[in-house]
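Biologist: I want a close look at one part of this model. Please take me through how its pieces pack.

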Amino acid sequence: MAVQISPSILSADFARLADEAARVEGVADWLHVDVMDNHFVPNLTLGLPVVEALLRATPIPVDCHLMIEDPDRWAPGYAEAGAGSVTVHAEAAKAPVRTLRAIRAAGARSGFALNPATSIEAYEDLLPEIDMLLLMTVEPGFGGQRFLDVVLPKITRTRALIEKHGGEIWLQVDGGVSAETIERCAAAGADVFVAGNAVYAADDPAQAVRDLRALALAHPPLG
Ligand code: DX5
Ligand code: ZN
């Protein structure tokens, strides 16, 4: 299982996004972009025009996390724009199968996100439609929140479902992932790690990415 690190630009300087992306170029596998609409979550960030500009400004593949209402309408546009991965929330999507298929048809990896209180079991039958499951390890909306240990058993159960299903589905964790918490996530079975504050509040973001990767690699899932 490969470990991937996806720094979240939510904790970067929004006035200098191209420079902030360049700070992790060559070490980050993805650039995680949090799209928030002030409806699905109580925060407002950026949308498609900024993602399009970022795609032109960085060679790092872009991982779009849509925390918006009506993702069925908006998600395919992010894939068409060139995002490598587009993730919609289970709590917001009204036609997830159609939307996940539309994301793939537009050439991106299809991502499906669950809030901390949303159970994975209800979505087992959707696994063939999904390239990456995102388990939120904070309530979505803001960077710099405290990691919720209560999600760890769900990470373990989700890894087991992925193994049972077969195929290549990545398991991403997002929220409060840091040098203090990444080992727990990796040991529970996560393989893609979003980190906002832990990367962009560090003096050396590239070194923070390297350190996080080393910690995750040192704690593979048990059994
Ligand atoms: C929160 C976002 C996260 C956020 C993580 O709703 O989805 O991607 O940027 O930030 P940290 O790593 O600081 O918790
Ligand atoms: Zn996110």
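Predicted model: local features only at pLDDT ≥ 70, side-chain atom pairs only at ≥ 80, totals over all residues.

Biologist: Is the crossing of α2 and α3 left-handed or right-handed?

Modeller: The crossing of α2 and α3 is right-handed. Residues are numbered from 1 along each chain as written, chains are lettered from A and ligands numbered from 1 in written order, and side-chain values use heavy atoms, without hydrogens or water.

Now the geometry. Helix α2 covers residues 48-57 and helix α3 covers residues 71-81. Helices here are DSSP runs (H or I, at least four residues), numbered from the N terminus. The two axes come within 10 Å and cross at roughly 15°. Axes are lines fitted to C-alpha atoms over the stretch in contact, with angles from 0 to 180 degrees between N-to-C directions. α2 and α3 are therefore roughly parallel to each other (angles under 35 degrees). From α2, L48, V51, E52 and L55 make the contact; α3 supplies G77, Y78 and A81. Contact means heavy atoms within 4.5 Å. Five of these residues are nonpolar, one is polar and one is charged. Nonpolar means Ala, Val, Leu, Ile, Met, Phe, Trp, Tyr, Cys and Pro; charged means Asp, Glu, Lys and Arg; the others, Gly among them, are polar.

α3 has another partner. Helix α4 (residues 96-105) packs with α3 at about 10°, their axes 8 Å apart. This pair is therefore roughly parallel too. P71, D72, A75, P76 and A79 of α3 meet P96, T99, A102 and I103 of α4. By class, that contact has seven nonpolar, one polar and one charged residues.

Key:
Helix = DSSP H or I, 4+ residues; strand = E, 2+ residues; numbered from the N terminus. Parallel < 35°, antiparallel > 145°, perpendicular 65-115°, else oblique. Left-handed = near helix turned anticlockwise from the far one by under 90°.
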